[in-house]
Amino acid sequence: MARISSGVTIKKLAASGMLVALTVTLSGFSIPIGASKCFPIQHLVNVLAGVFLGPTYGVAMAFTSSLIRNLSGTGTLLAFPGSMVGAIFSALLFQKTGKLLWAYVGEITGTGLIGAILCYPVATLILGKDVAVYFFVIPFLMSTVCGTVFAAFLLETFRRLGLLSYLRQLIS
C-alpha cells in the first residue's frame with residue numbers, strides 16, 4: 001500500500017478528499033422539517049468516513065469540511081463540534097464492534113446529543129448568542145437522523161450488492 005508517511009495512506013487521503021468535496025458541494029441541500037432545515041449530507045459522510053476510513057481520517061474530514069463551509073459562507077462555527085464529535089463516535093463504535101448499527105448510533109449520539117451540547121459554549125462565548133444549553137439538541141438530532149438514514153440506506157445497498165466489504169478492503 002502506498003504511504004505518504006507513517007500511517008498516512010494515499011487511498012484514505014484520496015477518499016477523505018472526495019468525501020470533503022461531496023460535503024462541501026452538497027452543503028446547500030436541505031430538508032425542511034417543521035420550522036427547521038436539516039442539512040443531512042455531513043451526517044451521511046460522517047457515517048461513511050466512520051465505516052471506511054476510521055476515526056483519524058473521519059475527524060480530519062469533518063474538520064476540513066466545516067472549515068471550507070465556513071470560509072465559503074455555507075456553514076457556521078457550530079459545524080465544528082457537531083460534525084467532528086459525530087465522526088469520531090461513529091468511527092470508534094464501528095471500529096470496536098464491526099457493526100453498522102453502532103456506526104449509526106455513534107453519529108446520532110455524537111452529533112445529535114454531545115456535539116449539540118458542545119455548541120453551547122461556541123454559541124455563547126464566540127457568537128454572543130443567548131441560548132440554553134440544550135437549545136441545539138432537537139435541530140441537530142433531526143438533521144443527524146436524516147443523514148444517518150441516508151447513510152444506512154446507502155450502506156445497506158452496498159452490503160446487499162457485495163460492495164461494502166470490497167470497498168472497505170480497497171480503501172484499507
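Trainee: How many aromatic pairs does a search of the whole structure find?
Mentor: That search finds 3 aromatic pairs. Before we go on, this is a predicted model, where local features need pLDDT of at least 70, side-chain atom pairs count only at pLDDT 80 or more, and totals for chains, interfaces and linings use all residues. Residues are numbered from 1 along each chain as its sequence is written, and side-chain values use heavy atoms, with hydrogens and water left out.

Trainee: What makes two rings a pair, and why is the pair Phe135 and Phe136 called edge-to-face?
Mentor: Rings of Phe, Tyr and Trp (its six-membered ring) pair if their centres lie within 6.5 Å; planes under 30 degrees apart count as stacked, over 60 as edge-to-face and the rest as tilted. The centres of Phe135 and Phe136 are 5.1 Å apart and the planes are at 85°, so this pair is edge-to-face.

Trainee: And what about Phe136 with Phe140, what is that pair called?
Mentor: Phe136 and Phe140 form a tilted pair, with 5.9 Å centre to centre and 55° between the planes. Ring pairs link Phe135, Phe136 and Phe140 into a cluster.

Trainee: How do you know whether Phe136 is buried or exposed?
Mentor: We use relative accessible area: buried means under 20%, exposed over 50%, and partly exposed in between (1.4 Å probe, protein chains only). Phe136 has 9%, so Phe136 is buried. Phe140 comes out at 16% and therefore counts as buried.

Trainee: Why does Phe135 count as partly exposed?
Mentor: Because its relative accessibility is 48%, Phe135 counts as partly exposed.

Trainee: Let's move to helices. What makes α5 and α6 roughly antiparallel?
Mentor: Helices here are DSSP runs (H or I, at least four residues), numbered from the N terminus. Axes are lines fitted to C-alpha atoms, for helices over the stretch in contact, and angles run from 0 to 180 degrees between N-to-C directions. Under 35 degrees counts as roughly parallel, over 145 as roughly antiparallel, 65 to 115 as roughly perpendicular and the rest as oblique. Helix α5 (residues 100–126) and helix α6 pack at about 160°, with axes 9 Å apart, so α5 and α6 are roughly antiparallel to each other.

Trainee: Which residues make that contact of α5 with α6?
Mentor: Contact means heavy atoms within 4.5 Å. Among the residues involved are Leu100, Tyr104 and Glu107 of α5, and Val137, Phe140 and Leu141 of α6. By class, this contact of α5 with α6 has 14 nonpolar, 5 polar and 1 charged residues. For those classes, Ala, Val, Leu, Ile, Met, Phe, Trp, Tyr, Cys and Pro count as nonpolar, Asp, Glu, Lys and Arg as charged, and the others, Gly among them, as polar.

Trainee: What is the angle between α3 and α4, and why are they called roughly antiparallel?
Mentor: Helix α3 (residues 55–72) and helix α4 (residues 79–97) pack at about 160°, their axes 8 Å apart. That makes α3 roughly antiparallel to α4. Their contact divides into 12 nonpolar, 5 polar and 1 charged residues.

Trainee: Which residues of α2 meet α4?
Mentor: Gln42, Asn46, Val47, Gly50 and Val51 in α2 do, and their partners in α4 include Ser83, Ala87 and Phe94. Helix α2 (residues 41–52) packs against α4 at about 35°, with the axes 8 Å apart. By class, this contact of α2 with α4 has 5 nonpolar, 6 polar and no charged residues.

Trainee: How do you know that Gln42 is buried?
Mentor: Its relative accessible area is 7%, so Gln42 is buried. Leaving out residues up to four places away in sequence, Gln42 touches Thr23, Met61, Ala62, Ser65, Arg69 and Ser83.

Conventions. Helices (H or I, at least four residues) and strands (E, at least two) are DSSP runs, numbered from the N terminus.
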